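This report covers one chain and the contacts between chains. Please look at the sequence and the model first.

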Amino acid sequence: MRKIVNDKEIVLGVCYYPEHWPEEMWEQDLDRMLEMGLKVVRIAEFAWNKIEPREGEFVFDFFDRFLDLAYKKGMQVIFCTPTAAPPVWLTHKYPEVLNVSRTGVRYEHGERRHYNYNSPVYQEKTRIIVEQSASHYAPHPAVIGWQIDNELNCGIDEFYTESDTMAFRQFLKEKYHTLENLNEAWGTMFWNQTYLDWDEVKVPGPVPCNNINCHEMMDYIRFVSWSARRYCHLQSEILRKYLKPDDFITTNGRFGKLDNHKMTDESLDFFMYDSYPNFAYFPGMYDPAPDALRDRWNSKNLTEIRSISGNFGIMEQQSGANTLLAPTPKPGQMTLWTLQSIAHGADFVSYFRWHTCLFGVELAWHGILDHSGRDNRRVREVKEIFGKVRKLNNIAGSRYEAKAAVLKDYDNEWDSWNNFLTVDSDDHIYEAAQRTHTPLNYVYLYDGGTTEPLSRYPVVFYPHGMMMSGKRAKILESYVAQGGTLVLGCHSAYRDLCGHGVMEKLPGVLKNLTGIDIPEYTPVTPGDAPAFIRWGEDRLEAVCMHDQIQIEPGHEKTAQILGYYENTCYDDMGGLSVNQFGEGKVYYWGAGFTVETAAVFLKKLNAASPYEDTVSLPESCEIAVREKDGRRYYFILNYQREQVCITIHKEMKDLYSGDQIRGEVCLEPYGTMVLTD
Amino acid sequence: MRKIVNDKEIVLGVCYYPEHWPEEMWEQDLDRMLEMGLKVVRIAEFAWNKIEPREGEFVFDFFDRFLDLAYKKGMQVIFCTPTAAPPVWLTHKYPEVLNVSRTGVRYEHGERRHYNYNSPVYQEKTRIIVEQSASHYAPHPAVIGWQIDNELNCGIDEFYTESDTMAFRQFLKEKYHTLENLNEAWGTMFWNQTYLDWDEVKVPGPVPCNNINCHEMMDYIRFVSWSARRYCHLQSEILRKYLKPDDFITTNGRFGKLDNHKMTDESLDFFMYDSYPNFAYFPGMYDPAPDALRDRWNSKNLTEIRSISGNFGIMEQQSGANTLLAPTPKPGQMTLWTLQSIAHGADFVSYFRWHTCLFGVELAWHGILDHSGRDNRRVREVKEIFGKVRKLNNIAGSRYEAKAAVLKDYDNEWDSWNNFLTVDSDDHIYEAAQRTHTPLNYVYLYDGGTTEPLSRYPVVFYPHGMMMSGKRAKILESYVAQGGTLVLGCHSAYRDLCGHGVMEKLPGVLKNLTGIDIPEYTPVTPGDAPAFIRWGEDRLEAVCMHDQIQIEPGHEKTAQILGYYENTCYDDMGGLSVNQFGEGKVYYWGAGFTVETAAVFLKKLNAASPYEDTVSLPESCEIAVREKDGRRYYFILNYQREQVCITIHKEMKDLYSGDQIRGEVCLEPYGTMVLTD
Amino acid sequence: MRKIVNDKEIVLGVCYYPEHWPEEMWEQDLDRMLEMGLKVVRIAEFAWNKIEPREGEFVFDFFDRFLDLAYKKGMQVIFCTPTAAPPVWLTHKYPEVLNVSRTGVRYEHGERRHYNYNSPVYQEKTRIIVEQSASHYAPHPAVIGWQIDNELNCGIDEFYTESDTMAFRQFLKEKYHTLENLNEAWGTMFWNQTYLDWDEVKVPGPVPCNNINCHEMMDYIRFVSWSARRYCHLQSEILRKYLKPDDFITTNGRFGKLDNHKMTDESLDFFMYDSYPNFAYFPGMYDPAPDALRDRWNSKNLTEIRSISGNFGIMEQQSGANTLLAPTPKPGQMTLWTLQSIAHGADFVSYFRWHTCLFGVELAWHGILDHSGRDNRRVREVKEIFGKVRKLNNIAGSRYEAKAAVLKDYDNEWDSWNNFLTVDSDDHIYEAAQRTHTPLNYVYLYDGGTTEPLSRYPVVFYPHGMMMSGKRAKILESYVAQGGTLVLGCHSAYRDLCGHGVMEKLPGVLKNLTGIDIPEYTPVTPGDAPAFIRWGEDRLEAVCMHDQIQIEPGHEKTAQILGYYENTCYDDMGGLSVNQFGEGKVYYWGAGFTVETAAVFLKKLNAASPYEDTVSLPESCEIAVREKDGRRYYFILNYQREQVCITIHKEMKDLYSGDQIRGEVCLEPYGTMVLTD
């Protein structure tokens with residue numbers, strides 16, 4: 001069993017930068033952390049120069065001294081590979097390792113992540129620093145695990161160097177084998193882009209109207225993901241050689257153009273997230289609507305992470321203001337956000353960061369301590385959190401419980417063509433689930449996947465699987481045939497995985513499953529009056545796109561139209577259908593999903609509010625449930641700055657106090673509660 | 001007489017891409033088109049690789065097979081030169097043919113229009129492909145005409161390669177002969193920019209505040225136009241050698257920095273337009289005002305095209321959604337837009353496109369058929385359109401009838417200095433004409449022009465001829481002297497054609513014509529309270545600019561002030577004057593034109609609503625009249641999604657039904673009607 | 001004593017470009033100017049080619065002829081060095097003199113200011129042209145002074161050439177001596193940016209997320225200022241060699257990233273400003289609030305200039321419209337703006353410009369004359385101004401009188417991290433001063449400064465000295481100890497001059513002076529409800545940032561909390577404190593300053609409205625007082641387009657009319673009045 005994310009305890013930690021502080025301060029810092037219940041530190045994240053200050057010159061004693069001290073104190077350490085910020089000596093001597101913009105501007109030192117994954121030189125220098133670091137530090141008894149790099153693809157996720165072009169060709173050759181296949185897949189017949197020679201293939205260049213071949217762009221994004229995964233794997237292969245038994249490899253963050261699921265499967269033991277709920281209060285991000293979800297939206301991000309690792313860690317949990325952009329956490333908010341992470345599956349929560357940095361561009365990103373380093377209100381709150389988390393150790397290893405899932409896939413996520421549809425529906429379904437207290441999971445769909453991950457859920461939404469393959473259709477059919485309920489939205493399966501339109505009746509490979517035919521469709525734009533689809537009592541707005549639905553001949557026995565369009569030129573044409581397929585049912589909703597529409601689906605399909613007989617709570621609170629060995633743990637989270645009251649319908653144990661409670665209970669502003677039955 | 005745009009019939013066609021589809025599908029496609037009344041296809045627009053798949057290697061059999069089949073079926077073909085998208089093999093081998101941005105970024109393959117007109121290599125490669133295509137395909141009996149390139153200057157109309165600098169010098173030497181003249185014209189004395197050597201002259205470079213010499217910029221825009229025209233002419237010269245008698249040469253679209261009038265005169269038989277009225281419903285373009293003109297604004301574009309070719313073609317007429325941006329045409333809208341084109345002078349309408357492309361960045365731009373290729377509602381609507389258009393053949397060759405015109409010129413259009421004034425007034429005058437049912441023509445003014453094109457119109461607006469020459473002033477004087485009524489707006493003639501201010505009393509070369517003097521002027525900015533000019537009963541807002549008007553001594557007998565400023569510090573100074581000049585009159589309005597001001601001018605000058613005794617119709621409908629051999633054809637177009645009713649005051653023939661009708665008649669939503677007396 | 005800005009007379013002048021006009025027009029132009037009271041012309045500002053038309057070829061007779069004529073007519077001349085716009089022959093031959101953008105785009109000729117200060121070649125060419133110009137023209141009796149370059153740092157204030165990198169290294173070596181010091185100061189430990197070799201140090205490069213090392217950026221801005229100052233000094237050193245006694249050296253404008261105070265001390269006799277109050281009416285700048293300050297804000301700019309030179313000149317005083325952007329000055333506004341300049345300390349006002357340029361990108365920037373050159377309303381107004389200014393000669397050399405000051409420094413101005421706070425508070429304090437008729441001065445704080453410049457003021461605001469040094473704290477302590485009243489705002493002294501956070505209790509080096517401790521702080525963002533601090537009767541909004549204030553143990557006798565937070569989670573914690581320190585007091589306000597808060601401070605500290613016993617005037621008028629030899633001159637300025645009335649409480653002399661007046665007097669729209677007692 002791996003250390004930290006296991007089924008023994010919920011662990012708290014903190015990010016620390018020994019190289020930023022006088023060595024004589026280390027001992028006091030570690031003592032203070034341990035006193036507060038912080039048992040793990042992450043170190044060495046950007047410290048290449050502290051190990052290899054000059055090319056080929058390695059110095060280990062600095063971190064040796066730190067690790068020895070940590071070990072003496074009983075502090076566990078997550079060590080990082082420092083590759084997110086190459087030294088100046090390296091980029092100055094080997095400028096080819098530097099990434100360049102699409103218009104050919106080469107990035108320089110002065111920030112971070114200015115390298116490119118595919119540079120042979122950078123790969124070689126990476127191998128050396130990782131080999132040196134791992135072989136020396138991994139055996140140290142204080143070390144319990146490794147973080148690879150930091151926030152892969154954060155900030156910049158496009159790469160246009162000559163090395164990238166070389167690697168892109170390799171990626172494409174592996175995928176397509178021949179130029180003929182590539183020309184076919186990229187539709188190069190369009191606008192006369194046929195390739196005759198592999199040398200003509202490059203990473204996407206600047207084009208006059210920014211309208212480059214979309215199939216090429218799709219493959220380029222897949223290539224970026226492949227490059228980052230390959231780079232991560234290069235490091236994990238080395239680390240594995242030196243890892244002590246039970247030590248782990250992870251990385252942190254979740255950024256664009258990267259298949260984090262595959263990366264985790266290939267290279268990591270589990271995934272870590274960097275959780276900054278206060279982004280919700282940044283100017284420009286803040287939603288003034290009185291019932292806006294704000295920091296509660298972060299649960300959606302955690303749901304994404306949970307789809308990668310059912311139990312995961314938080315490598316960076318926000319613990320202070322960004323003094324330029326977002327306020328200091330209000331009293332109670334640090335606790336709330338920590339419990340939000342745990343409720344969604346985190347078994348390890350490490351605060352970012354111990355001291356606030358005194359220099360560098362992150363000096364406004366406050367840690368637990370302010371610049372002064374003195375004890376403060378947040379120190380006291382961390383102690384209180386530790387007091388609470390200590391009561392939750394039984395929860396470690398338990399799984400978040402959800403009866404409904406949303407199906408996703410990276411192809412549609414990366415498809416710039418229609419993902420506005422996906423993004424909106426995805427947000428609205430999540431919001432509907434939150435407002436109806438319906439815990440939700442995300443499941444990722446792959447061609448090589450099976451039905452199993454789906455069959456745990458009675459109800460599955462796959463809002464707009466616009467790019468779709470026959471293999472994926474088969475997985476969906478199998479899920480429904482076995483009794484699942486699948487909800488599809490407009491424009492499903494109208495393109496293949498190359499992004500080509502399909503020259504057949506819609507919904508293409510889903511025709512058989514849905515039993516319908518879509519003879520016409522139209523986007524809905526601001527010039528159109530609001531249109532509706534009536535479904536029984538409910539008159540639901542039909543947003544974004546209207547697919548006309550009719551029953552495909554031969555399917556009349558199983559399929560029927562449930563709702564018709566109103567107030568459009570599609571009036572009286574089908575807008576919602578259902579088909580009995582094997583043991584299950586598949587709904588086809590001809591439009592995008594609003595919050596209201598998603599909520600109506602959740603209710604009509606009996607997926608909504610599974611715990612309402614146990615706990616009644618106002619819409620403004622979140623409920624999340626983790627389950628282990630038949631026992632449920634109910635997390636109640638109050639995101640409001642006002643007190644709210646809930647009603648507990650059966651006697652349950654309050655894990656903080658140990659009391660058995662029942663009836664109306666009130667939570668303080670930003671208050672949390674964990675119950676078990 | 002040229003094929004297609006002639007006086008025999010209104011022809012329908014469609015854009016087709018044989019290279020995108022299996023050959024075995026061609027026959028069925030052609031059969032279906034012909035059955036729907038589509039008698040012409042445009043092909044080969046981006047198909048360079050289908051003719052020259054490798055440098056110097058020519059293959060003709062592909063399109064031969066298509067042309068033979070078309071000929072057999074009775075389908076006529078417009079063949080395109082494929083130069084809008086050079087092959088990858090060409091740009092890869094000769095990167096100098098690629099255009100670069102002003103900041104030096106070279107565009108790469110992956111889109112289209114990434115070449116520069118002035119590259120000697122690209123010109124040579126163009127000569128070869130056009131020579132090969134024309135010599136081989138032009139004789140084919142199925143071919144009836146040629147399209148040069150595609151949408152010249154579309155998307156990108158700036159060119160900054162070394163070839164462009166070389167050509168710019170050539171252009172400037174031809175224009176100025178000596179550097180002394182160039183220095184004078186460009187006012188290089190200002191900010192010390194004097195040129196001593198032609199080598200110092202380049203296309204405009206990046207400058208610190210984007211405030212480059214405005215006279216240079218003006219000449220640069222003229223140079224871009226000259227480059228595109230020269231490139232078009234290079235192709236037409238070759239095509240002419242091989243054209244069958246009566247076959248035609250055209251090109252399509254109307255884009256910036258290009259004198260389409262001169263290009264047509266030099267190189268084409270007539271001009272074609274690409275008509276996408278649904279742009280009006282794009283997000284960001286959609287105007288929610290209840291009486292907004294929306295797709296009716298497209299009539300303004302058609303009016304522009306008519307000023308180039310009195311009878312023209314529509315090479316691309318929108319026939320489907322852009323699923324990312326604009327809805328599928330509502331039932332009736334395809335008909336409406338087709339009739340809008342015909343009403344304004346189109347004798348040929350070709351839909352874009354037959355199939356919706358299955359790949360490439362235009363796969364959201366829907367054609368008549370959706371991706372599936374099946375028959376659909378739009379197929380049925382095209383058949384109905386054909387049924388209607390068949391009744392309109394007598395209209396072919398007739399001319400759009402207008403009693404009022406707006407005078408324009410490319411110098412003021414290209415002048416970035418004051419064209420905000422021109423653009424607003426131009427829009428407002430057009431809108432006033434539409435709302436008052438006053439058909440309008442545009443006439444373009446050149447130094448070498450004559451009075452003749454103007455003298456067809458009793459009333460001519462020349463809203464803000466800010467850049468003006470003595471030659472143009474003479475044309476205006478001659479028009480007025482012969483009895484015309486000319487309406488001028490503020491800031492007329494205050495600069496010469498180099499863009500220099502004039503060191504004389506304003507309105508400069510128009511002093512004698514207007515009989516006035518403008519001792520002071522001021523722009524109107526948001527800090528100013530609304531000001532007015534009273535003209536009899538009407539109190540008209542004086543927007544944008546205020547020219548103080550007084551009668552120039554010596555002109556008191558013919559000139560008078562008609563209106564005075566109110567609510568400004570120019571109160572009681574002249575804001576509107578009229579001068580009797582020869583047989584005619586010239587009005588000088590001291591401000592910009594609002595819709596209301598333009599409408600008042602149209603009414604007071606008896607130009608408004610010329611057909612109101614024949615047909616009364618609500619403001620929301622357009623009326624357009626074409627005339628041939630003394631017979632008038634009245635097009636009534638309903639742009640509303642509601643039914644509207646009109647009143648016909650004398651018995652007329654409804655061309656669709658053949659019935660004689662009179663009195664109140666109602667048009668369906670998006671309905672059209674064509675009447676003749 | 002220097003000519004022009006002396007204590008003899010208020011002088012009017014005008015900018016003139018002899019090279020733009022036929023020589024035969026010069027005499028008439030000079031005669032007209034002199035007749036209007038314009039006694040000084042500025043010339044040759046961009047006329048390099050008129051002196052050195054080819055490299056090394058010097059021609060002096062052109063300006064000799066002009067100077068001889070000027071001398072004959074009695075016109076005085078300010079001669080300019082022409083370096084703001086290098087000739088095309090120079091930049092074409094030596095492209096290294098051209099500045100480049102941060103992304104490596106080299107600017108080309110066609111505008112101005114496209115050179116870099118640090119190019120050795122440009123410095124050499126500058127030396128030559130200045131030496132040649134000065135040695136030839138400085139002795140001429142018509143010449144009375146010199147302008148160096150034009151508007152240094154205007155439009156562009158970033159430089160990224162190789163020459164800049166070389167000079168940046170020199171600057172840093174002089175500042176830090178060793179790389180170790182530089183690494184420390186720049187916090188290069190953060191994100192692993194340690195430098196091992198000076199060759200690795202460059203001007204800031206492009207980085208992926210535009211988040212470059214902030215300490216490096218701060219030093220880069222200091223370097224830009226140093227570069228501009230050094231370049232200015234290079235010229236002044238040469239000019240001094242040739243200057244006649246009493247002739248002066250100046251430059252004009254006030255732009256970013258430039259320490260104008262140091263530059264003036266090092267190289268100039270006094271500073272000049274280019275005053276364009278009509279910017280306030282540009283679209284996008286115009287504030288429609290009925291009581292907005294608009295052109296009255298220009299007084300704030302003049303206050304800045306006065307902090308550089310107590311008596312200064314206006315080199316360019318707006319005299320016409322920008323026909324693209326802002327209206328022609330309304331009748332009276334030219335007078336108003338001229339008097340605004342004089343009221344704030346200008347003893348010389350030169351209009352921009354005589355003729356409006358007929359060509360070049362400034363042809364919309366109107367001068368006194370329009371393009372026509374004829375006499376106009378503004379000519380008449382200048383004559384009237386001259387009539388008034390003639391009565392004001394006794395005022396020359398008098399000093400603007402202020403009892404309150406705002407302390408500023410360039411470090412905080414250039415700090416991109418928190419200067420949004422500074423900027424808002426600074427604006428609000430100025431606005432409060434204007435609305436309460438409280439004349440204000442600015443004082444700049446330097447490490448090497450003394451208490452003396454502060455001790456003239458009973459009350460001093462230093463709103464947010466976020467970057468602070470011990471030396472500056474000492475100056476503040478000394479000021480207060482001697483009896484001054486100092487008002488500080490939130491976040492004072494929380495970083496050092498490198499921009500590092502300080503690892504001590506806040507407010508850091510101001511702890512002793514303020515007697516307080518700030519245990520916690522938070523930014524205020526849109527998600528927070530409005531919070532307040534109650535101070536006696538006043539409930540003042542606490543914007544931007546909340547510093548919790550408590551009395552530091554040991555200071556209880558002198559320090560106290562005056563106000564507490566309301567409506568935040570800091571409720572009942574201190575928000576405002578005062579400390580008795582020596583003879584004076586220091587207030588610490590825990591938030592940013594609104595207009596209301598600043599006004600309350602001015603009133604409670606008895607700084608507001610010092611002249612209300614002498615003159616009562618509505619809020620919409622400005623009062624400014626100049627004092628000399630014990631005599632006060634009261635300027636009353638009406639910025640409204642309506643007449644306003646004031647009450648004079650004792651008999652005073654109206655300087656325009658010479659009358660003794662008292663009681664209610666009314667000013668015309670845009671009217672001005674100058675009184676003395």
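## Chain C against chain B

Between chain C and chain B, 21 residue pairs are in polar contact, both residues at pLDDT 80 or more. A polar contact is a pair of N or O atoms within 3.5 Å; within protein, one must be able to donate a hydrogen and the other to accept it, and residues adjacent in sequence count only if both atoms are side-chain atoms. On the side of chain C that touches chain B, α2 (48–51) and α4 (88–93) each supply at least two residues. Helices (H or I, at least four residues) and strands (E, at least two) are DSSP runs, numbered from the N terminus. By class, that side of chain C has 29 nonpolar, 16 polar and 15 charged residues. Ala, Val, Leu, Ile, Met, Phe, Trp, Tyr, Cys and Pro count as nonpolar, Asp, Glu, Lys and Arg as charged, and the others, Gly among them, as polar.

The model is predicted: local features need pLDDT of at least 70, side-chain atom pairs count only at pLDDT 80 or more, and totals for chains, interfaces and linings use all residues. Residues are numbered from 1 along each chain as its sequence is written, chains are lettered from A and ligands numbered from 1 in the order in which they are written, and side-chain values use heavy atoms, with hydrogens and water left out.

Four salt bridges link chain C and chain B (a side-chain nitrogen of Lys or Arg within 4 Å of a carboxyl oxygen of Asp or Glu). One joins K330(C) to D528(B), at 2.8 Å, N to O.

## Chain A against chain B

Chain A brings 52 residues to the contact and chain B brings 60 (heavy atoms within 4.5 Å). Together they bury about 4800 Å², 62% of it on carbon and sulfur atoms. Buried area is the accessible area (1.4 Å probe) that two parts lose on being put together, summed over both. W191(A), N192(A) and M503(A) supply 17% of the area that chain A buries here, more than any other three residues.

D528(A) forms a salt bridge with K330(B), the closest N and O atoms being 2.8 Å apart.

## Chain A as a whole

Chain A holds 18 helices and 28 strands. Its radius of gyration is 26 Å, close to the 26 Å that the globule rule gives for 677 residues, so chain A is as compact as a globular protein of that length. The radius is taken over C-alpha atoms; the rule is 2.2 Å times the number of residues to the power 0.38.
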